[in-house]
Amino acid sequence: MRRRASGLAAALVCLVAAGCSGGDGDGVEDRSAQEILDEANDTMGALSSVTVEAGSDKSDGTGISSRFTSDLDSKCVSKVTWEKTGAVLEQIRIGETDYVRPNRAYIDNWSGKTVDAPQSTWFRTPTSKARSGDGLVTCTRDFASFGTAKKGKATEVDGTGAIELVVTDEADEGGTYTFSVATEGKPYILKVVYKGAGLSTTTTYSAFDEPLDIRPPAEANVVDAPDSP
């Protein structure tokens with residue numbers, strides 16, 4: 001499964017990985033890589049919350065990191081950092097409202113405009129105004145299989161036993177995805193590493209089904225975003 005790029009005047013590459021469902025890791029040896037991956041998707045799709053951290057490096061030396069926590073429905077928080085410039089874009093989405101806070105480096109680098117509001121200011125805008133490429137994320141995620149999966153080696157991710165599944169896709173010639181699926185407890189996707197021509201990304205998943213407390217910023221720090229021209 002893919003997570004497509006999103007950004008403002010720059011490509012934000014984010015993986016949307018598949019996960020696993022149910023089970024306790026028994027019988028991994030007896031199942032095919034595709035069966036494990038399909039089961040993984042069911043488990044990840046049934047989550048009530050998850051935290052996703054991603055980092056990407058391009059051959060031109062630029063890198064992007066992000067942290068995303070969501071109920072996979074209508075509430076989520078996101079922070080994206082462009083490592084080379086120090087630009088940061090933060091977002092809180094609650095229902096039909098986005099609260100967005102770009103730092104000054106972000107504004108200087110991508111919009112060419114200056115903002116008089118202090119660093120703590122959040123801009124409130126309806127989610128209906130969000131557009132592809134504006135850097136804002138949705139709270140939902142689609143977990144689905146793609147390509148051809150093969151079993152890799154046994155591994156560990158932060159102390160949890162896992163099996164690597166190596167996935168290739170004809171639509172991405174030369175690209176390889178390595179999914180680390182937990183073999184202890186529920187078969188969550190713990191990590192996904194992508195390596196392709198001029199680009200590599202690492203995405204980790206954690207805080208499965210943990211309670212969330214996502215709230216709007218303090219009203220004193222919020223202003224309504226101006227309408228786009």
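Biologist: Does Arg101 count as buried or exposed, and at what relative accessibility?

Modeller: This is a predicted model, and every value discussed here is computed from it. Arg101 counts as buried, because its relative accessibility is 18% and the cut-off for burial is under 20%.

Biologist: Which residue forms a salt bridge with Arg101?

Modeller: The general idea comes first. Side chains of opposite charge can pair when their charged atoms come close. In this case the partner is Glu90, with 3.0 Å between the closest N and O atoms. Glu90 is likewise buried, with a relative accessible area of 18%.

Biologist: How many salt bridges does a search of the whole structure find?

Modeller: The search finds 8. Among them is the one between Asp224 and Arg124, whose closest N and O atoms are 2.7 Å apart. Asp224 lies in strand E12 (residues 222-224) and Arg124 in strand E6, so this pair connects parts that are 100 residues apart in sequence. Asp224 counts as exposed at 54% relative accessibility, whereas Arg124 counts as partly exposed at 22%. Salt bridges with shared partners also join Arg124, Glu219 and Asp224 into one network.

Biologist: Which side chain meets that of Glu39 in a salt bridge?

Modeller: That of Arg31, at 2.2 Å from N to O. Glu39 is partly exposed, with a relative accessible area of 21%, and Arg31 is partly exposed at 22%.

Biologist: Why is the disulfide of Cys76 and Cys139 described as left-handed?

Modeller: The torsion about its S-S bond is about -70°, so the disulfide is left-handed.

Biologist: How is an aromatic pair read, and what is the geometry of Phe146 and Tyr177?

Modeller: A pair of aromatic rings is described by the distance of the centres and the angle of the planes. The count for this structure comes to 6 aromatic pairs. One of them, Phe146 and Tyr177, is edge-to-face, with 5.0 Å from centre to centre and 80° between the planes. This pair links distant parts of the chain: Phe146 is in the loop between strand E6 (122-126) and strand E7 (148-157), and Tyr177 is in strand E9 (residues 176-182), 31 residues apart. Phe146 and Tyr177 are both buried. Together with Phe179 and Tyr194, they form one aromatic cluster. An aromatic ring may also be examined for a charge above it: the charged end of Arg141 sits over the ring of Phe68, 4.1 Å from its centre.

Biologist: What surrounds E9, and how does it pair with other strands?

Modeller: Of the 7 residues of E9, 6 are buried, so the strand is largely enclosed by the rest of the structure. E8 and E9 run antiparallel and are joined by 7 bridges; Ala162 has Ala182 in E9 as its bridge partner. E9 and E10 also pair in the antiparallel sense, over 6 bridges, and Tyr177 is partnered with Tyr194 in E10. The hairpin of E9 and E10 has 6 residues between the strands, and there Gly185 takes a positive phi near 70°.

Biologist: Which residues touch the most other members of the largest nonpolar core?

Modeller: In soluble globular proteins, nonpolar side chains tend to be buried together. The largest core here has 33 residues, of which Met44, Phe179, Tyr205 and Phe208 touch the most other members. The elements that give two or more residues to this core include helix H1 (33-45), strand E1 (50-58), E9 and strand E11 (199-206). A second, separate core has 8 residues, including Val80, Ala87, Leu89 and Tyr106.

Technical notes
Residues are numbered from 1 along each chain as its sequence is written. Side-chain values use heavy atoms; hydrogens and water are left out. Rings of Phe, Tyr and Trp (its six-membered ring) pair if their centres lie within 6.5 Å; planes under 30 degrees apart count as stacked, over 60 as edge-to-face and the rest as tilted. Helices (H or I, at least four residues) and strands (E, at least two) are DSSP runs, numbered from the N terminus. Buried means under 20% relative accessible area, exposed over 50%, partly exposed in between (1.4 Å probe, protein chains only). A charge sits over a ring if NZ of Lys or CZ of Arg is within 6 Å of the ring centre and within 35 degrees of the ring normal. A disulfide is a pair of cysteine sulfur atoms within 2.5 Å. A nonpolar core is a set of buried Ala, Val, Leu, Ile, Met, Phe, Trp, Tyr and Cys residues joined through side-chain atoms within 4.5 Å. Two strands pair if DSSP finds at least two bridges between them. A salt bridge is a side-chain nitrogen of Lys or Arg within 4 Å of a carboxyl oxygen of Asp or Glu.
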